[in-house]
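Colleague: I'd like to learn how to read the aromatic rings and helices in a new model. Could you walk me through it?

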Amino acid sequence: NSQVRAMKDALSEKQIPAVQYSDESVFSSTICEDFTLAIEAIASPQSTSAVRCALATKLFKYRSEGIISLTHDSEPLQKWMGRFRNYKLIWLNKGFAASFHAFMLENQIGQTVMEQLQGDRLTTDLFHLIELTEQVVRQDKLSPRAAGSWLREQESFTKNAASPAEP
């Protein structure tokens with residue numbers, strides 16, 4: 001597996017698309033934490049830390065300097081909090097799919113993710129996470145906060161399942 005990953009990384013560095021088939025869970029993917037942080041910001045748009053954490057992910061083009069400036073300049077941060085508040089209202093009125101669709105389009109998330117190293121894999125994983133979340137939200141009628149908790153549980157379960165058992 002490590003040799004396959006090394007080959008895929010080498011091909012990606014040369015900008016040669018390659019897909020690695022894996023039996024690893026999407027909940028252990030690198031984009032899962034970013035997706036979860038975005039859901040948590042939608043669930044708690046009044047939380048400056050939740051919104052800044054979401055903006056610091058691979059889903060956005062912010063870099064550390066940009067995030068730091070949001071702590072000092074409250075007007076842009078208030079605008080972002082308003083946007084996340086709007087995504088929450090869409091979720092509550094029209095559902096998760098409509099909310100995340102608006103989130104992706106308005107913030108050019110797909111383009112941002114595709115521009116990264118292994119963007120094709122990250123995009124595939126992101127859409128798989130969206131699909132799984134939509135299924136659970138619809139089936140169990142989860143609120144934004146409950147969806148964030150469900151994602152955290154899945155990440156934790158996946159990490160625990162991958163960890164070697166203690167003697």
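Here is a short talk about rings, a helix and one leucine.

Modeller: First, the ground rules. This is a predicted model, where local features need pLDDT of at least 70, side-chain atom pairs count only at pLDDT 80 or more, and totals for chains, interfaces and linings use all residues. Residues are numbered from 1 along each chain as its sequence is written, and side-chain values use heavy atoms, with hydrogens and water left out.

Colleague: How many aromatic pairs are there, and what describes a pair?

Modeller: In general, you describe two aromatic rings by the distance of their centres and the angle of their planes. Rings of Phe, Tyr and Trp (its six-membered ring) pair if their centres lie within 6.5 Å; planes under 30 degrees apart count as stacked, over 60 as edge-to-face and the rest as tilted. The count here is 13 aromatic pairs. Take phenylalanine 84 and tyrosine 87: with 5.9 Å centre to centre and 90° between the planes, they are edge-to-face.

Colleague: Where do phenylalanine 84 and tyrosine 87 lie?

Modeller: An α-helix has 3.6 residues a turn, so residues three or four places apart point the same way. Phenylalanine 84 and tyrosine 87 are both in helix 5 (residues 74–94), 3 residues apart, about one turn of the helix. Helices are DSSP runs (H or I, at least four residues), numbered from the N terminus.

Colleague: Are phenylalanine 84 and tyrosine 87 buried or exposed?

Modeller: Both are buried. Buried means under 20% relative accessible area, exposed over 50%, and partly exposed in between (1.4 Å probe, protein chains only). Helix 5 also has other buried residues, including Leu77, Met81 and Ile90.

Colleague: Why is the pair of phenylalanine 96 and phenylalanine 100 stacked?

Modeller: Their ring centres are 5.5 Å apart and their planes are at 25°, so the pair counts as stacked. Both lie in helix 6 (residues 96–107), 4 residues apart, and both are buried. Phe96 and Phe100 belong to one aromatic cluster, with Trp80, Phe84 and Tyr87 also among its members.

Colleague: What follows helix 5?

Modeller: Glycine 95 does, with a positive phi near 105°.

Colleague: And what about leucine 132: why does it count as partly exposed?

Modeller: Its relative accessibility is 21%, so leucine 132 counts as partly exposed. Leucine 132 is in helix 8 (residues 119–140). Setting aside neighbours within four places in sequence, leucine 132 is in contact (heavy atoms within 4.5 Å) with Val26, Phe27 and Trp150.

Conventions
Helices (H or I, at least four residues) and strands (E, at least two) are DSSP runs, numbered from the N terminus.
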